[in-house]
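Student: I have the sequence and the model open. Can we walk through the fold and the DNA contacts together?
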Amino acid sequence: MPELPEVQTITSQLQKEIPNLTIRDVWSDWIKMLQVLNHNDHIKIKKSQKFTKKSNQSKKASILFERFKNDIVGKKIKKVSRIGKNILIYLSSGHLLLVHQKMSGHLLLGKWKIKNGVAVPEEDGIMKDKMNGYIHLIFYLSDGRMLALSDLRKFAKVVLGPEDKVLSLSEIKKLGPDVLDKNFSFESFRKIIKSKKGKIKQVLLDQSVVSGVGNIYADESLWKAKIHPETQANKIDDARLKRLYNAIRDIMKFSIKVGGDSMSDFRNIYGKKGGYQKYHKVYQREKEACFLCKAQIKRIKISGRSAHFCPSCQKKA
DNA sequence: ACTAGCCCCTGGGAGC
DNA sequence: TGCTCCCAGGGGCTAG
């Protein structure tokens, strides 16, 4: 699942490939993922377009898609950046396209054609990877290539609107500091974590506390820092906190270097896997031996999410 | 102002 | 072999 390193990988690659290209057309077979914010409307539009009633679905869907298309076709891509786990594609005329890949979504650059309502890759090779075959949105670019979103679980979200409207969405505004931001000091990390009473694992996953950390990197960082995932956040002493701060940042920087984590669905924009899954110490290693002490890695549930840890190295303190 | 729990999805694994 | 059931998992939303 895309967390900060995976989103950063995609962002950097896109920034290299797509600026200055113009979006010529759009195709989608899963309009539910789209949101359009209008210059005149308030943000609440979003709610009425959730298609809770089936009878209204197709009509609303086509209106929404027309608006989406109308607002994006002809726009030129200016730059690509990242906020938290969101990809921001800045367009001409002050428009902004936001993509949150959620669990299984990933953007791909390539060529597809539509056959019987389904997007089929025009080239073999990497596009044969099954995980790249769930295309639900395509942007046709002016150089003949296409930017597509593959998303097995259909959880991804795409928002289009004026820059200020998109950036003032509550889920963007409430994001905590980015864990890789160069201005994000240990002191600010310490202050934030010390103010939280919840279990540290849960606190790290909360994007309004700090942004970028997801399940894999939370587990891996806590192992490296030797902190039990159920430790109450405000009770972690400074020495441990410092280890945690360094662990998160070191692990994420390293993961970016190896192209992100493809344990599950993640692929880069060329459809290729990253390498970080080879370095997991605890994530998805239940019942295997801890690399440090040989104890069996345990898996527990913390607020509905699985947490992997070494019961011997990571004691509650 | 909290937080626990539901919901969105689908491939894959377990059980029969 | 094939069917059914259940589950993961980010994060918004709602009910308590």
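Student: How many bridges join strand 6 to strand 10?

Tutor: Keep in mind that this is a predicted model. Strand 6 and strand 10 run antiparallel. H106 stands opposite S150 in strand 10. The number of bridges joining strand 6 to strand 10 is six.

Student: What is the order of the open sheet of four strands?

Tutor: The pairing in this sheet is antiparallel. Its edge strands are strand 1 and strand 6 (105-110), each pairing on one side only. From one strand to the next, the twist averages 15°. The order is 1-9-10-6.

Student: Which are the edge strands of the sheet of five strands?

Tutor: That sheet is open, with mixed pairing and the order 2-11-5-4-3. Its twist averages 15° from one strand to the next. An edge strand here pairs on one side only. The edge strands are strand 2 (34-36) and strand 3 (77-83).

Student: What is the bridge partner of S81 in strand 4?

Tutor: Strand 3 and strand 4 (residues 86-91) run antiparallel. Six bridges join them. The partner of S81 in strand 4 is L88.

Student: At what angle does helix 1 run to strand 3?

Tutor: Helix 1 lies across strand 3 and strand 4. Its angle to strand 3 is about 165°.

Student: Which residues in helix 9 does helix 1 meet?

Tutor: Helix 1 and helix 9 (residues 238-257) pack at about 40°, with their axes 9 Å apart. Their crossing is right-handed. From helix 1 come L4, P5, Q8 and T9. The residues they meet in helix 9 are M252, S255 and I256.

Student: How many residues of that contact of helix 1 with helix 9 are charged?

Tutor: Sort the contact residues by class. Four are nonpolar and three are polar. The number of charged residues is none: the contact has no charged ones.

Student: What is the phi of N20?

Tutor: Most residues other than glycine have a negative phi. N20 has a positive value, although it is a residue other than glycine. Its phi is near 80°.

Student: Which strands flank the loop where K154 lies?

Tutor: K154 has a positive phi, near 55°. K154 is partly exposed, because 14 other C-beta atoms lie within 10 Å. Its loop lies between strand 10 (146-151) and strand 11 (157-162).

Student: Which residues surround DNA strand B?

Tutor: Start with the classes. The surface near DNA strand B has two nonpolar, two polar and three charged residues. K154 is one of the residues around it.

Student: What separates the C-alpha atoms of I300 and L180?

Tutor: I300 has its place in strand 12 (residues 298-302). I300 counts as partly exposed, because it has 14 C-beta neighbours inside 10 Å. I300 and L180 are 120 residues apart along the chain. Their C-alpha atoms are separated by 28 Å.

Methods:
Residues are numbered from 1 along each chain as its sequence is written. Chains are lettered from A and ligands numbered from 1 in the order in which they are written. This is a predicted model: local features need pLDDT of at least 70, side-chain atom pairs count only at pLDDT 80 or more; totals for chains, interfaces and linings use all residues. A residue is near a molecule or strand if its C-beta atom, placed from the backbone, lies within 6 Å of it. Ala, Val, Leu, Ile, Met, Phe, Trp, Tyr, Cys and Pro count as nonpolar, Asp, Glu, Lys and Arg as charged, and the others, Gly among them, as polar. Helices (H or I, at least four residues) and strands (E, at least two) are DSSP runs, numbered from the N terminus. A residue is buried if 20 or more other C-beta atoms lie within 10 Å of its own, exposed if 12 or fewer, and partly exposed in between; C-beta atoms are placed from the backbone. Axes are lines fitted to C-alpha atoms, for helices over the stretch in contact, and angles run from 0 to 180 degrees between N-to-C directions. A crossing is left-handed if the near helix is turned anticlockwise from the far one by less than a right angle, and right-handed if clockwise. Two residues are in contact if their C-beta atoms, placed from the backbone, lie within 7 Å. Two strands pair if DSSP finds at least two bridges between them.
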